[in-house]
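Here are some short notes for a colleague who has not looked at this structure before.

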Amino acid sequence: MFGNQIAGQISAEGKSFFSSFNPVLNSKNEEVFSVATSEEIENALDFLEKSFYSFANSSSQKRFLLLKKIAEEFLKSKNKIQDAYCKESGLSHERFEIEFNRTYNQVILFAHFLEKSNGDVISENEADSLKNLPKLTKKRIPLGPIVVFGASNFPLAYSTLGGDTVAALAAGCPVIVKAHPFHPETSYLVGEVIQNAIAKTEISPGIFSQLFDDGYYTALKLVQDRRIKAGGFTGSYQGGKALYDLAQSRDNPIPFFAEMGSSNPVFVFPELMDEKKEEWTSIFAKSITNDAGQFCTKPGIFFVPNTSSGEDFIEKLCNNVLAEPSFYMLHPTICSSYEKNKIARLNESKGVLFEKPDELESNQGRQGVLVTNVEDLFENPTLQDEVFGPFAIIFKYNSNDELKRAIELLNGQLTSSILCSDTELEEYDEIIFTITQKAGRIIRNGVPTGVRVCESMHHGGPFPATTDSRFTAVGTDSILRFTRPVVYQG
Ligand code: NAP
């Protein structure tokens, strides 16, 4: 049985248990996980609070060494983690390799960021004795203990050792992770990596704990606890909004950075549609269907001119989507929600659904494209909501005015893709400005999937893509979520 990981120890009071699921074998995995009890939650929070002072005051050099150790331990455990990852998610070995490297590189990126850091000073103003003005030194300080919730679809890159945990540790904040119940063994092994790394430094083991729960009790307790000073969440709109509201309803509300779903609109402009049809329909078909479209950056809605070239483009895109392989979805519940949402979109629209006709294995996502007119969106704006899975809706538009009206209706997004020529970029300047108001990353002539982890990345966007569009969940700027400025006078 696997216990909760609390301050370098394993605790399994064992009052209730759960197991994960193998979507490929269509059966439960045999490993059993102990659900955190109230006492265990209390214990972990206590350690977190007690370790804050020394961790917050540790040098960036010490935190650099911690992240380097974590990266080393992570590499050492690669094979063990791979087995659990594939077994619990249905994701392939190739995908594991990509996600493992991304997670590793993310830790290294933050380690280098700390290595190069010249302290926490933001700016300084010297004293002016003639004018009797004091010296001011503005610094960044860590917020305090952070709770992190990982997503089902990134068992590594947005989970136990995901961007939230790494950014919080780099900032000097102790972290408590509530492991995702779809991949507890993967989370456990990565938790072990972090615990082992901490044990090889002089840092208190109290700065990291990971708790397991297949229900909401642990999440609710953690978000409401006075010792928690901020939250990082990656997951569904329902989960993110519920926890964000809870964080705001506390007597002392805290920042809660929820990175949620997105439909990542794609705007196709007329000029290059014929010339680029083969290339664009091929890369977008892969982007919709790869790993069963289970990405927050999957392109989920398209706007295509209602012309004969537009029709050709749509036909080619639909054919390509249906020709792509089908993939296992992460869990039977995700697969059944996907089917339900796909059919709901069809019923809410006047469009036609093109679906892959082949017989599929249990838990594989059947890709589909719904083709309709933009009037459908005007009548029913919820058609734009994310369908998590290998599915997209194509809205045909008749004029620039219709396109502009549609853009104004759109909710906040993580990304928007614009497929256009250089001339169109100038010609549609105002429309593109309106698109930019809606998203955190604007992609020119490319797909939104594949988030580069680096200094300049912005992974975020206006609500409901995230709860705070000013911050990113990916890249070194994500550290800003877990710090606040303080000015020292005198
Ligand atoms: P999820 O069901 O919201 O799960 C995320 C975590 O939140 C889980 O630990 C879950 O616990 C917990 N949770 C959910 N609802 C809760 C509630 N009401 N109260 C307390 N805890 C709650 O999301 P998911 O299915 O793992 O992930 C898929 C979604 O994540 C998609 O919409 C995708 O677009 C989005 N996503 C966003 C990003 C991004 O960077 N913006 C990245 C990846 C994925 P339980 O499992 O026990 O419910």
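1. Strands here are DSSP runs of E with at least two residues, numbered from the N terminus, and two strands pair if DSSP finds at least two bridges between them. The model is predicted: local features need pLDDT of at least 70, side-chain atom pairs count only at pLDDT 80 or more, and totals for chains, interfaces and linings use all residues. Residues are numbered from 1 along each chain as its sequence is written, and side-chain values use heavy atoms, with hydrogens and water left out.

2. Strand S14 (residues 266-268) runs parallel to S19 and is joined to it by 3 bridges. Val-266 stands opposite Ser-417 in S19.

3. S19 also runs parallel to strand S20 (residues 439-444), with 5 bridges between them. Ile-418 has Arg-444 in S20 as its bridge partner.

4. A polar side-chain atom of Ser-236 is 2.5 Å from a ligand oxygen atom, and one of Glu-386 is 2.6 Å from a ligand oxygen atom. Taken alone, the ligand exposes 900 Å² (Shrake-Rupley method, 1.4 Å probe), of which the protein buries 90%.

5. Phe-17 lies in strand S3 (residues 17-18).

Conventions:
Helix = DSSP H or I, 4+ residues; strand = E, 2+ residues; numbered from the N terminus. Polar contact = N/O pair within 3.5 Å; in protein donor to acceptor, adjacent residues only side chain to side chain.
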